[in-house]
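We'll walk through it a piece at a time.

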2 protein chains.
Amino acid sequence: MRAYDLILKKRNGAALSREELHFLVDGFVRGDVPDYQMSAFLMAVFFRDMTAPETADLTLVMAHSGETMDLSPIPGVKVDKHSSGGVGDKTSIVLVPLVASLGVPVAKMSGRGLGHTGGTLDKLETIAGCRTEISGEAFFDQVRRVGCAIVGQTADLVPADKKLYALRDVTGTVDSIPLIASSIMSKKIAGGADAIVLDVKCGGGAFMRDVALARRLAQAMIEIGEALGRRMAAVISDMDQPLGDAIGNALEVHEAIATLRGAGPADLRELCLVLGAKMAMLGGVAANEVEARARLEESLGNGAAAGKLGEMIRAQGGDATVVDDPDRLPRAPVVRDVTAAADGHVHHIDAMALGLAAMALGAGRARKGDDIDPAVGVVLEAKVGAAVRAGDVLARVHARDAEHERAAVVAVRDAYTIDAMPAAAPPLIRAVLG
Amino acid sequence: MRAYDLILKKRNGAALSREELHFLVDGFVRGDVPDYQMSAFLMAVFFRDMTAPETADLTLVMAHSGETMDLSPIPGVKVDKHSSGGVGDKTSIVLVPLVASLGVPVAKMSGRGLGHTGGTLDKLETIAGCRTEISGEAFFDQVRRVGCAIVGQTADLVPADKKLYALRDVTGTVDSIPLIASSIMSKKIAGGADAIVLDVKCGGGAFMRDVALARRLAQAMIEIGEALGRRMAAVISDMDQPLGDAIGNALEVHEAIATLRGAGPADLRELCLVLGAKMAMLGGVAANEVEARARLEESLGNGAAAGKLGEMIRAQGGDATVVDDPDRLPRAPVVRDVTAAADGHVHHIDAMALGLAAMALGAGRARKGDDIDPAVGVVLEAKVGAAVRAGDVLARVHARDAEHERAAVVAVRDAYTIDAMPAAAPPLIRAVLG
């Protein structure tokens, strides 16, 4: 077998076999297939696409390029969730303990923030002492003992994805559905879950601007998972405006805790109920959506969900008292209101602009490895559809100093589109698959 | 400017500017643009194509990536020709002195054989003492003094093409019209000619199997040349059966000399007259095709063309007496007839199979750098359309020993398709452009 022939085969529109993909991917990880051949192959995939079985085979060979987690000794259906990322997306911090509180083991590997999007690990680490870089064994033990964990990927998980992504990132081959889908799903497959619920974000603050494209990505990932024996479901949710009110690490943990205690913004709560119901059903603890929602709402109301978050934080070495006293989280020294200039209705809030404003405040990273400031960010007081009067607070900027605050106030004000005509809130759930 | 953005621009279907192509190609030659970005770009070009002005710009920046020849001090319109390569294609050895004998300076850089195709340099070097690796200055002096030269490319000519071709060769990006056209034309532009006549071969023994594709390639090259101020013409000629009768280096020189002396196979003579007429007209020594053909035929008949070959050989250090006594060329020790098994008509001669049979005899190279045997090859005695009787000689194999001879006899016999029904010779000239 020669890499050259496989490039030509894909270029000419044929599907590669699992053996051929294994030859390419393993050869690439080992260094036998050079970068210049792999990048030509990836560009051919961009133009020719991949069949569903081919994408599943690619995912499988990627998943097996390194260490894989075996969660089978843990009783029950182990459930994972994945979000394609957005602005203000603290869903995992709510969902993981919420679903675990119903008796479904949730083993979640998360990432860090980059650019306009935040990362679950950065958020969790704002809790004093909370560790996310733990070994595979410790992860396994925690899921068995506590019922849930949120950790970073171990270094040996899916090396093929790390190397492929680095190459795609510099060769214009990132935005290809089979390559995105196999990248995400290879990590989920290697993570060992039996069931996976996907939250594919769609809109101005998301990777997928367009609902049709988001649906294609969700469908591709469902087909991969099902071909590899996983129980799958997907939700396409709105990311035209930020999710919930808080953007910024400790601010988002604060909001996640409020939601787990039965309060929190309506859109965040609703999305957690929709995704959580899918996870509960796939996890086998609810027969249908009505039953699943009832159990989830009960857990949010009776303290069980919040209690599970405390258990998880404690297991990961963190200060679990934040669950009862979230004001213990880091707080920014400067808080400034952004107010409406005139009466009107909020028609649009530019999620991407707010994500970048939070990054500029120090909440996110322009480049991998940048330090982040846990305390800073933006909290929205008015979302799309709200009626506001001149002088009303639209949002509050939490900054480390006056200079950062001033720049953010301008950016946040510009992110709002306010008009005299009434406006409707956008639908939160754009589609449900599986 | 970043290579990444240029890859994306091409991938998304836009045309690059000359400045952008210069950045990419020069960066690649210098090593600033890595192979893995260039191969992704080349694959994007394969799928997205290039506009005519873009292909001309690419050709120009490639041509200027190294040394260029300045032939302007030589009086007259300097004419070059290019053949896309085939089996039995000794046209250059006839055409260059033939056209020069009319007073048109012909400055020709040629290549070596690889795979089933032969190379003009290998053929010329079968003449004792004849050098083809000469300096740019010596090349210039010879064209001025003698009126023609056939030499290898100097090492510094179009380094971008050498590096790009090596990458295309291993990344499945060879067969792209703008990449083939810019590769060929960059060398012609750097070679300094004012007018270029292209012989694009088409058929089973050629790179282009299909006449429509050959026409697209010819058209692309004409557009490049004209955009860069060159006078251009192209002929699409048949390569379904070999050109002329001889295949193999000294055997082909023998046939070229015969043709220059007014004899030679009809198809080779006709193609040289068609191409030569174009060269004479572009060179400004004939007003129309009738006049051009008359002057070329006169030169073939009166010894002027053959005399010019002798001058050229002498200038390149070779034994010019071969022009009058071609039996001085190397001769193979074993010559064996291949005969017809039954009566019939020749319907097809597989040019590719004969090219590979000649290569196996030692006339060609399986890999770059392989040695070649100057004497061996195949001479056809019956071409497509011929009526043959059982026992008639179809071809003669010239071999270094009995083992090679036996294998070649089988291959040559298999290359012939003979049927009872009458057959017509295929048209030699498929199209004339410009």
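Let's begin with how two helices of chain B cross: H1(B) passes H2(B) in a left-handed crossing. Keep in mind that you're looking at a predicted model. H1 covers residues 3-11 of chain B and H2 covers residues 18-30, and their axes lie 10 Å apart at an angle of about 120°. What do we call that arrangement? Angles of 65 to 115 degrees count as roughly perpendicular and those over 145 as roughly antiparallel, so H1(B) and H2(B) are oblique to each other.

Now zoom in on where these two helices touch. On the H1(B) side you'll find B:Ala3, B:Leu6 and B:Lys9, and they meet B:Glu20, B:Phe23 and B:Leu24 of H2(B). Sort the residues of this contact by class and you get four nonpolar, two charged and no polar ones.

Stay in chain B for another pair. Helix H5 (residues 91-100) of chain B packs against helix H12 (residues 266-282) of chain B at about 45°, again with the axes 10 Å apart. H5(B) and H12(B) are therefore oblique to each other too. Is their crossing left-handed or right-handed? It's right-handed for H5(B) and H12(B). By class, the contact of H5(B) with H12(B) has nine nonpolar residues, two polar ones and no charged ones.

Time to step back and look at chain A. How many helices and strands does chain A have? Count 16 helices and 13 strands in chain A. The radius of gyration of chain A is 22 Å, close to the 22 Å that the globule rule gives for 434 residues, so chain A is as compact as a globular protein of that length. Along its principal axes, the C-alpha trace of chain A spans about 70 × 45 × 40 Å. Of the 434 residues in chain A, 57% count as buried. Among contacts in chain A with a separation of 6 or more, 77% come from residues 24 or more positions apart.

You'll spot A:Gly369 in the loop between helix H15 (351-361) and strand E9 (377-380) of chain A. Is A:Gly369 buried or exposed? A:Gly369 has a relative accessible area of 67%, so it counts as exposed.

How values were computed. Residues are numbered from 1 along each chain as its sequence is written. Chains are lettered from A and ligands numbered from 1 in the order in which they are written. This is a predicted model: local features need pLDDT of at least 70, side-chain atom pairs count only at pLDDT 80 or more; totals for chains, interfaces and linings use all residues. Side-chain values use heavy atoms; hydrogens and water are left out. Axes are lines fitted to C-alpha atoms, for helices over the stretch in contact, and angles run from 0 to 180 degrees between N-to-C directions. Helices (H or I, at least four residues) and strands (E, at least two) are DSSP runs, numbered from the N terminus. Angles under 35 degrees count as roughly parallel, over 145 as roughly antiparallel, 65 to 115 as roughly perpendicular and the rest as oblique. A crossing is left-handed if the near helix is turned anticlockwise from the far one by less than a right angle, and right-handed if clockwise. Contact means heavy atoms within 4.5 Å. Ala, Val, Leu, Ile, Met, Phe, Trp, Tyr, Cys and Pro count as nonpolar, Asp, Glu, Lys and Arg as charged, and the others, Gly among them, as polar. The radius of gyration is taken over C-alpha atoms; the globule rule is 2.2 Å times the number of residues to the power 0.38. Buried means under 20% relative accessible area, exposed over 50%, partly exposed in between (1.4 Å probe, protein chains only).
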